[in-house]
Amino acid sequence: RRVRLAGVGSNIFTEMSALAVRHRAVNLAQGFPDTPGPDSVTEAAVKALYAGQHQYPPVPGLPALRAAVADHQRDRYGIALDPDCEVVITTGASEALAAALLAFAGPDDEILVLEPYYDSYAAGAELAGARLVPVPLTGPEFRLDAAALRAAVTDRTRVLLLNNPHNPTGTVLDERELAELARVAVAHDLVVISDEVYEHLVYEGLHRPIAALPEMFERTVTVGSAGKTFSFTGWKVGWATGPADLVAGVLAVKQYLSFASGTPFQHAVAEALRLPDSHYTDLCGSLKARRDLLVDGLRSLGLRPRAPEGTYFVLADVRPLGAVDGLEFCRELPRRYGVAAVPGQVFYADPEAGRHLVRFVFCKREDVLREALRRLAPLA
Ligand code: PMP
Ligand code: GLN
């Protein structure tokens, strides 16, 4: 009997969150905030429910939300989008990514992907019958290796799959790295799928969408998520934007995955996208302080963490503690210390490459992070 993704099993976030619950551990494994987004946005969802917004929305998304996504990209990045044909609302970024991979990659195609990479990319590629070809982010700072990028291209390469800001390293690609990626995409006529769900969680420098580079808009599908930007991960509202032909490709698949995405939350996210800039600066300011708290704390325990420029993840080398295998380390951590984390190796095609790495999240309240560090103190 054929069972797709049979080898994948339940994902690592589910496994580590279940261990956290079982051992009453502080969950620094799964990336979700423990403080909800703005009350005004919750109220907009409630209002939509009481206003009777219970039935299917239009398949590409509510017009008000598509317009809000388009205005947001214009105001922040100078990218002009036609909300009628260049924006599609999806069930989280996850659906946008799966639909885009199914739309633009087929059997025997190769997809270049920055490694380490988020787990759903491998599943999406496998569903499409395509093959991921990792392009490593290298060194202690996890930067793009331009020579490795160029060497990874073959005559079967069709898609360049990016994640920027990057989970799990926290790298924010700089102008030179983006230009290098763009050069390869243009030279080989690739479709670029750019997962930018952490676009607003940047603490050093600025986020620049690759679609804003010359000759890139016409080949790029950019993916966003209200879960990350407004701290409502359970609402599962995301979007894909880009030129009409590529967005039509995503939409064609999306309509047979979920058909349409939850109506009341779309109303609320349309309002969220109209929040003043202070929403983003406050969120970043508060996350930056928590980043520093976690990075300094892990460092003083003897781990070797990397201070991320973006996202809410810290990747730490656990070898200074005498640990050799991050997966074993993470399977023991909840029971022995009452803290959960995620092994870095699950983000690599060859687990050996990330065996010494463990990922911790810092989108938790300061007192929760302090409690986690207190529990981890015996590691020192
Ligand atoms: N891409 C990356 C890099 C992520 O970390 C996440 C978080 N789950 C997603 C996509 C999926 O986002 P969503 O929850 O909106 O489906
Ligand atoms: N994106 C989040 C993370 O990387 C949540 C993932 C998930 O639970 N699927 O932790």
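This is a predicted model: local features need pLDDT of at least 70, side-chain atom pairs count only at pLDDT 80 or more; totals for chains, interfaces and linings use all residues.
Helices α3 and α10 cross in a left-handed sense. Helix α3 covers residues 63-77, and helix α10 covers residues 263-272. The two pack at an angle of about 30°. Their axes lie 8 Å apart. Angles under 35 degrees count as roughly parallel, so α3 and α10 are roughly parallel to each other.

Which residues make the contact? On α3 they are Ala64, Leu65 and Ala68. On α10 they are Gln266, Val269 and Ala270. By class, this contact has five nonpolar residues and one polar residue. No charged residue takes part in the contact of α3 with α10.

Now step back to the chain. An unreviewed UniProt entry places the feature "domain: Aminotransferase class I/classII large" at residues 26-376. Over residues 26-376 the chain is 41% helix and 18% strand. The end C-alpha atoms of that stretch are 11 Å apart.

Next come the ligands. Ligand 1 is surrounded by 13 residues. The closest are Gly92, Ala93, Ser94, Asn167 and Ser225. Which helix gives the largest share of this shell? It is helix α4, residues 92-104, with three residues. By class, the shell around ligand 1 has nine polar, three nonpolar and one charged residues.

Turn to ligand 2. The residues around it are Phe13, Gln30, Gly31 and Asn167. Three residues of the ligand 2 shell are polar and one is nonpolar. The shell around ligand 2 has no charged residues.

Note on methods:
Residues are numbered from 1 along each chain as its sequence is written. Chains are lettered from A and ligands numbered from 1 in the order in which they are written. UniProt positions are given in the numbering used here, feature names are shortened, and annotations may be inferred rather than shown by experiment. Helices (H or I, at least four residues) and strands (E, at least two) are DSSP runs, numbered from the N terminus. A residue is near a molecule or strand if its C-beta atom, placed from the backbone, lies within 6 Å of it. Ala, Val, Leu, Ile, Met, Phe, Trp, Tyr, Cys and Pro count as nonpolar, Asp, Glu, Lys and Arg as charged, and the others, Gly among them, as polar. Axes are lines fitted to C-alpha atoms, for helices over the stretch in contact, and angles run from 0 to 180 degrees between N-to-C directions. Angles under 35 degrees count as roughly parallel, over 145 as roughly antiparallel, 65 to 115 as roughly perpendicular and the rest as oblique. A crossing is left-handed if the near helix is turned anticlockwise from the far one by less than a right angle, and right-handed if clockwise. Two residues are in contact if their C-beta atoms, placed from the backbone, lie within 7 Å.
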